[in-house]
Amino acid sequence: MTASHKIRQDWTREEIAGLFELPFTELLFQAASIHRENHPADQVQLCTLLSIKTGGCPEDCGYCSQSVHADSGVKATKLMDVRQVLQSAAQAKDNGSQRFCMGAAWRNPKDRDMPAIVEIVKGVASMGMETCMTLGMLTPKQADMLAEAGLDYYNHNIDSSPEYYERVISTRAFDERIETLDHVRGAGINVCSGGIVGMGETREDRVGFVHTLATLPQHPESVPVNALVPVKGTVLGDMLADTPMAKIDDIEFVRTVAVARITMPMSMVRLSAGRESMSDSTQALCFMAGANSIFTGDKLLTAPNAGDDSDAQLFQRLGITALKGEEPMRACGGKAASKPMSEMIPAE
Ligand code: SAM
Ligand code: DTB
Ligand code: SF4
């Protein structure tokens, strides 16, 4: 198969499995070629994550420290004060982040939460930062409210293949995830959807995971690929501890990033959770394979993260700089396009 940057929604599972099976160097070459046709290959976007409502979540996601079903020691908090959130966003901007992502440990936001959420979105957007929220399931009306407030992205992960999903979460169905993504898309908000690798799933599940995203009516503009952070007291953290599956094989992780890049050429592919336990070399391979965004700062939502200093050192070692311009799919009006980036961004 030859490298192509044409946007396709008709990927078959067999084709995606075939990409996973390519010799590693060939897979990386194809992914890197497609990456540089559509994105600046030496730039990675810096994002900051903030948990605006932590813990006490009624859902039973087997990976999550914030579920009431987990015994992780994470304390439940109320929704943060709007001013506090805006202070954190301002600090993130000062530290060089272009994008501010806010997460709440909810099954879904209650209507009474929406005025504060809207105020937060407006406040962060007015600082000139890209905004992303992840609040659980949304009704079409809530999605419209977020769109009107100016939210750039809504994150709602499909997390794994449809088949593996139900082994990890029992309190909601895979189709409900897709329904919320439809509501987000319908409201005109950019879609951020990805998942977690290393939950004990098979290669076939990773194929099904990428296949689901790459065959949505429109590719998500943003695809976070998380490596499971195994947390003690969660079902998966405890189940995988001390087993050979406790950490995903680095090469298989890079393969997943590369396949996401090849199948969704224009999307931002975000190297999300799990970097703390990844070597610089593995992260470098992920950037080579097309990952072009990271969460910086010393905390994700509840889990520790690499931290600004270590990221600055990593970028220096690799000759990578923070993304300055707009993301490709936003630069062309949020629509999946088959134009290479060089044709969309006017030369200086
Ligand atoms: N409650 C909302 C939801 O589930 O959609 C938003 C917050 S939730 C924490 C956002 C995402 O974080 C999850 O979909 C999952 O992909 C990721 N995540 C949570 N715990 C993780 C872990 N231990 N390791 C890696 N990713 C994790
Ligand atoms: C995503 O896919 N990864 C981020 C963001 N979206 C919200 C969350 C990672 C959470 C890691 C575990 C924790 O901090 O509790
Ligand atoms: Fe709740 Fe989200 Fe954690 Fe699931 S991933 S338990 S929905 S906070």
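Predicted model: local features only at pLDDT ≥ 70, side-chain atom pairs only at ≥ 80, totals over all residues.
Trainee: What is the volume of the largest cavity?

Mentor: The lining of the largest cavity is made up of 45 residues. Those closest to its centre are Y63, C64, Q66, N157 and L301. The space in this cavity amounts to about 920 Å³.

Trainee: Which strand gives the largest share of the lining of the largest cavity?

Mentor: Among the elements that each supply at least two lining residues are β1 (43-53) and β2 (99-104). The strands β3 (130-134) and β7 (222-227) also each supply at least two. The largest share is five residues, and the strand that gives it is β2.

Trainee: How many charged residues are in the lining of the largest cavity?

Mentor: By class, 25 residues of this lining are nonpolar and 13 are polar. The remaining class in the lining of the largest cavity, the charged residues, has seven.

Trainee: Where does ligand 1 sit?

Mentor: The shell around ligand 1 has 16 residues, and T134, N157, D159, R177 and V229 come nearest. By class, the shell divides into nine nonpolar, five polar and two charged residues. As for its location, ligand 1 sits in the largest cavity.

Trainee: How much of the area that ligand 1 exposes when taken alone does the protein bury?

Mentor: Polar backbone atoms of the protein lie close enough to ligand 1 to be listed as contacts, for which the cut-off is 3.5 Å. A nitrogen atom of ligand 1 is 3.1 Å from such an atom of Y63, and a nitrogen atom is 3.2 Å from one of A104. For V229, the distance from a nitrogen atom of the ligand to a polar backbone atom is 2.9 Å. Taken alone, ligand 1 exposes 550 Å², and the share of this that the protein buries is 90%.

Trainee: How many charged residues does the shell around ligand 2 have?

Mentor: Ligand 2 sits in the largest cavity. It has 13 residues around it, of which N157, N226, L301, T302 and A303 come nearest. Seven residues of the shell are nonpolar and six are polar, and the number of charged residues is none.

Trainee: How many nonpolar residues does the shell around ligand 3 have?

Mentor: Ligand 3 sits in the largest cavity. The residues around it are C57, E59, C61, Y63, C64, S67, A105, W106 and R172. In this shell one residue is polar and two are charged, while the nonpolar residues number six.

Trainee: Which element gives the largest share of the lining of the largest pocket?

Mentor: The largest pocket has a volume of about 400 Å³. Two elements give two or more residues to its lining, namely β1 and α3 (82-94). The largest share is four residues, and the element that supplies it is β1.

Trainee: How many polar residues are in the lining of the largest pocket?

Mentor: The largest pocket is lined by 18 residues, and T48, L49, L50, D298 and K299 lie nearest its centre. By class, seven lining residues are nonpolar and three are charged. The polar residues in this lining number eight.

Terms used
Residues numbered from 1 in each chain as written. Chains lettered and ligands numbered in written order. Heavy atoms only, no water. Near = heavy atom within 4 Å. Polar contact = N/O pair within 3.5 Å; in protein donor to acceptor, adjacent residues only side chain to side chain. Areas by Shrake-Rupley, 256 points an atom, 1.4 Å probe, with all protein chains shown as cover. 1 Å grid on protein atoms, 1.4 Å probe; cavity = no way out; pocket = protein on both sides within 12 Å on 5 of 7 lines; lining within 4 Å. Sits in = over half its atoms within 2 Å of the grid points. Nonpolar A, V, L, I, M, F, W, Y, C, P; charged D, E, K, R; others polar. Points joined across faces, edges and corners; volume = space filled by probe spheres on them.
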